[in-house]
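Subject: Structure handover

Hello,

Please find the sequence and structure below. My notes on the contact between the chains follow.

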Amino acid sequence: MVKNIAFIGDSESVKGFSAVGIDVLVCDDTSEAAMILKNTADKDMYAVIFMTEELFETAEKEVNKLSEQSMPAVIPLPGARGNNGIGIKRLSSFVEQAVGSDILFKNQ
Amino acid sequence: MAIMNVNPTRMQMTKLKKQLLTARRGHKMLKDKRDELMRQFIELVQENKRLRDKVEAELSVCSAAFTNASAVMSREALESSLMSSKQRTGVDVRSKNIMSVDVPVYKAVSESSDESDIFPYGFAFTSFELDDAVMSLNELLPDLIRLAQIEKSCELMSAEIEKTRRRVNSLEHVMIPRYEETIKYISMKLEENDRSSRTRLMKVKDMLLDKAHNYSGK
């Protein structure tokens, strides 16, 4: 089953992703992020949806809904505005959920 | 711990003993499942961390490269050269079963005529900074897909571990003690019944003997 990859981000961050064959969805208004994510996920065309961290944060509710499904994988990536550490925070939240407390990344 | 609301009969006790056995076996298996899931999860999450650090570092390099490119080229020229793409990157989705958790396995599929020909523009009107930027992003692509796979696996596994942990705990601290206490209660009740009927029989025997031979009259 071959599926596509999407990248949702602001117009600065998406630069170049379309050139390497990833479908790009521009979202400059953070309030629209959740809606765009929902529409993209509903299409059932994408196995992986990358999002910039700011948009990932604002669309948290939608992201949580999708996290229970095996498809698509919604992955936050740092955008053009730099890294705010959500990716690592997300990892430590996984550890916390599984173990009960964050035993791996607490000291970092 | 509250005991169950059951009739204190031998039949019920046999049934409960069977259930207790099943609960114990289930508890042991779930515990093994949890331990194995946890071991794999920790390995995966550590790799996830490594990969994420790497990807984030390289992405910032890429984004710096694009900024460089946009400094030498006009905005319109840059955007129009990146608008189309020569290749289409997709992922072949399979799933793998890790201790009853279906985790995805992504394999990058590139639909392009020539693997090395990644640039969607002619070189005449673009700067070499842009070539660098596109190339470094293209090289990062396999890592991005791998990151997606591992992170989704971690997400699914952490949810499953939480569920299994709850089940193990509820069996260990609620179900099994409850069965044990109920069984104890029933067996004590049965013994009590046994003793009381025995004393009653002895009493009746005494009374009958008394009547037949008039023992007490002596």
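Which residue in β1(B) does A:Val2 stand opposite? A:Val2 stands opposite B:Asp92. Strands (E, at least two residues) and helices (H or I, at least four) are DSSP runs, numbered from the N terminus. β1(A) and strand β1 (residues 88-98) of chain B pair in the antiparallel sense over 3 bridges; strands pair if DSSP finds at least two bridges between them.

This is a predicted model, in which local features need pLDDT of at least 70, side-chain atom pairs count only at pLDDT 80 or more, and totals for chains, interfaces and linings use all residues. Residues are numbered from 1 along each chain as its sequence is written, and chains are lettered from A and ligands numbered from 1 in the order in which they are written.

In total, 32 residues of chain A are in contact with 47 residues of chain B (contact: C-beta atoms, placed from the backbone, within 7 Å). On the side of chain A that touches chain B, the largest share, 7 residues, comes from α4(A). That side divides into 21 nonpolar, 9 polar and 2 charged residues (nonpolar: Ala, Val, Leu, Ile, Met, Phe, Trp, Tyr, Cys and Pro; charged: Asp, Glu, Lys and Arg; polar: the others, Gly among them).

Helix α4 (residues 86-99) of chain A packs against helix α1 (residues 10-72) of chain B at about 175 degrees, with axes 10 Å apart. Axes are lines fitted to C-alpha atoms, for helices over the stretch in contact, and angles run from 0 to 180 degrees between N-to-C directions. α4(A) and α1(B) are therefore roughly antiparallel (over 145 degrees).

Regards

Definitions and conventions. Parallel < 35°, antiparallel > 145°, perpendicular 65-115°, else oblique. Contact = placed C-beta atoms within 7 Å.
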